[in-house]
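This briefing is meant to be read alongside the sequence and the coordinates. Please have both open before going on.

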Amino acid sequence: MGARWPWATALLQSDTQLGRDSYYEASVQRPPAWPALQGTQRADAVVVGGGFAGLTAALELAERGMRVCLLEADRLCAAASGRNGGQAIVGYASGQGLLERQLGLAQARQWWDWSLQAIDLLDQRIARHAIACDRVHGYLFVADSPRKARQLHADMVLQADRYGLPCDWAEGADVARLIDSPRYLAAAHEQRSGHLHPLKYGLGLAQAAAQAGVVLHEHSPVRRLTQGPGGVVAHTDSGQVSADLAVVAGNCTLAEHGPEVVPQVHARIMPVGTYMVATPPLDPALCRRLIPSGAAVCDNNFVLDYFRFSADHRLLFGGRVSYTTRTPSHLAERMRQRMVQVFPALAGTPVEHVWGGFVDISMNRAPDFGRVGQRVYYLQGFSGHGVALTGLAGRVVAEAVAGQSGRLDAFAALQHRAFPGGPRWRTPVLALGMLWHRLRDRLG
Ligand SMILES: Cc1cc2nc3c(=O)[nH]c(=O)nc-3n(C[C@H](O)[C@H](O)[C@H](O)COP(=O)(O)OP(=O)(O)OC[C@H]3O[C@@H](n4cnc5c(N)ncnc54)[C@H](O)[C@@H]3O)c2cc1C
């Protein structure tokens, strides 16, 4: 594995290390581990990966009456799904422009509607399965330079005129009514997006899946997936599951745990490290002053800051990126400094938790769903929008399995390219490319 995927071993080690101090892990009581797969099992569908995408796919398939077995390499939601900013955002990281250029306006509008449905689906699942995950509606986009403010305004006008999602716009001194920060020159508030506690949501999905009959196995990395005329077989170190079909939702760590699972699509996503800190609980009145609506916040820089308050009044602040799979040095202090630039009122506030994980970005930042052969479906490339879109992905794949492949085919029709450079040079090539965007952010 190391020779073929030189970044893989480093990624696995750094991913484990980055997950250790997550505020989310510290704030939930995980149930005992599901047993690792032993021996041979038979199912209608085998799902590889127990993050949001795998869990929602498994749940949807089970709700359609299938016998489903889900194999997770680590603990459920131990990777990106249990560590993220919790921001459930409408739209796609690619922006609508890419979709309009590739697919035309009518299809781009269709995709937009699907992203709104992703938010509705999230809320429906939370309600239906009574998942207590601190769900809050409201989202604030902010801009920290005149150029970024113009860009944000243009994006918001387009979003309202062409896609029918209005927002409350503020600039200059008026920004203070939406966020009490000297950093931002403009802000746009919309009500469809929002936030939640991702690990509580993910573990709630797991419980719902188990209740629907999904057989869950943790600590069961799938090393190989073989396809034949009669079905597929997922092989772990201590067992195998044969099934009619497989859904692969292994995200960034798939290339390490199971490089032979769907090697055809690995090169179309790259792991990008992103990091978060959590303060101790703050005075609730201070939280209300800093972000009166309680919305999640995100700026529109290429390397963006994203933050929100948790239900127990901590500031959860995310940002920075690493394109090298190495954790940046002095991470906690640097993140704290960024947080204080946004909210000087927190100058004396320490950080209590620091963690991070890897976002799966696709080359064009649009999600990459499809099929390899007739029996293997894959879901990847959420590009930082996976909190909401993974739930849509689960529904779309289950529809396709049930014979309604219209939406999966539409997603699969979008062109995706492999990252340049091959396994050895892919990461350095990406790091160089991104340096340009970071410089532009700094120039304002
Ligand atoms: C710090 C951080 C902040 C983020 N913030 C946001 C945000 O605010 N909003 C947003 O929308 N998105 C955000 N994201 C991205 C979001 O978390 C992901 O898009 C989403 O969780 C992807 O879900 P997934 O199920 O595809 O992948 P994952 O959650 O990574 O799950 C994949 C699972 O597959 C398992 N696996 C891999 N290979 C195998 C194998 N061979 N056999 C068995 N199991 C395997 C892994 O162990 C893992 O548990 C963030 C990500 C990070 C890391």
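**Sheets and ligand shell**

Strand 2 (residues 45-48) and strand 3 (residues 68-71) run parallel and are joined by four bridges, where helices (H or I, at least four residues) and strands (E, at least two) are DSSP runs numbered from the N terminus, and two strands pair if DSSP finds at least two bridges between them. The model is a predicted one, in which local features need pLDDT of at least 70 and side-chain atom pairs count only at pLDDT 80 or more, while totals for chains, interfaces and linings use all residues. Residues are numbered from 1 along each chain as its sequence is written, and side-chain values use heavy atoms, with hydrogens and water left out.

- Six strands make up an open sheet with mixed pairing, in the order 8-3-2-12-19-18.
- Strand 8 (215-217) and strand 18 (368-372) are the edge strands of this sheet, each pairing on one side only.
- From one strand to the next, the twist averages 15°, with axes taken as lines fitted to C-alpha atoms, for helices over the stretch in contact, and angles running from 0 to 180 degrees between N-to-C directions.
- Helix 13 (residues 406-413) lies across strand 18 and strand 19 (376-380), and runs at about 105° to strand 18, contact meaning heavy atoms within 4.5 Å.

- Strand 9 and strand 10 (residues 231-235) run antiparallel and are joined by five bridges, and Leu225 has Ala234 in strand 10 as its bridge partner.

**The ligand and its surroundings**

- There are 39 residues around the ligand, of which Glu72, Ser81, Gln87, Val222 and Asn251 come nearest; a residue is near a molecule if one of its heavy atoms lies within 4 Å of it.
- The shell around the ligand divides into 16 nonpolar, 20 polar and three charged residues, with Ala, Val, Leu, Ile, Met, Phe, Trp, Tyr, Cys and Pro counted as nonpolar, Asp, Glu, Lys and Arg as charged, and the others, Gly among them, as polar.
- Strand 17 gives the most to this shell, with four residues.
- Oxygen atoms of the ligand lie 3.2 Å from a polar backbone atom of Phe52 and 3.0 Å from a polar backbone atom of Ala53, while a nitrogen atom of the ligand is 2.9 Å from a backbone N or O atom of Gly85.

How values were computed:
A polar contact is a pair of N or O atoms within 3.5 Å; within protein, one must be able to donate a hydrogen and the other to accept it, and residues adjacent in sequence count only if both atoms are side-chain atoms.
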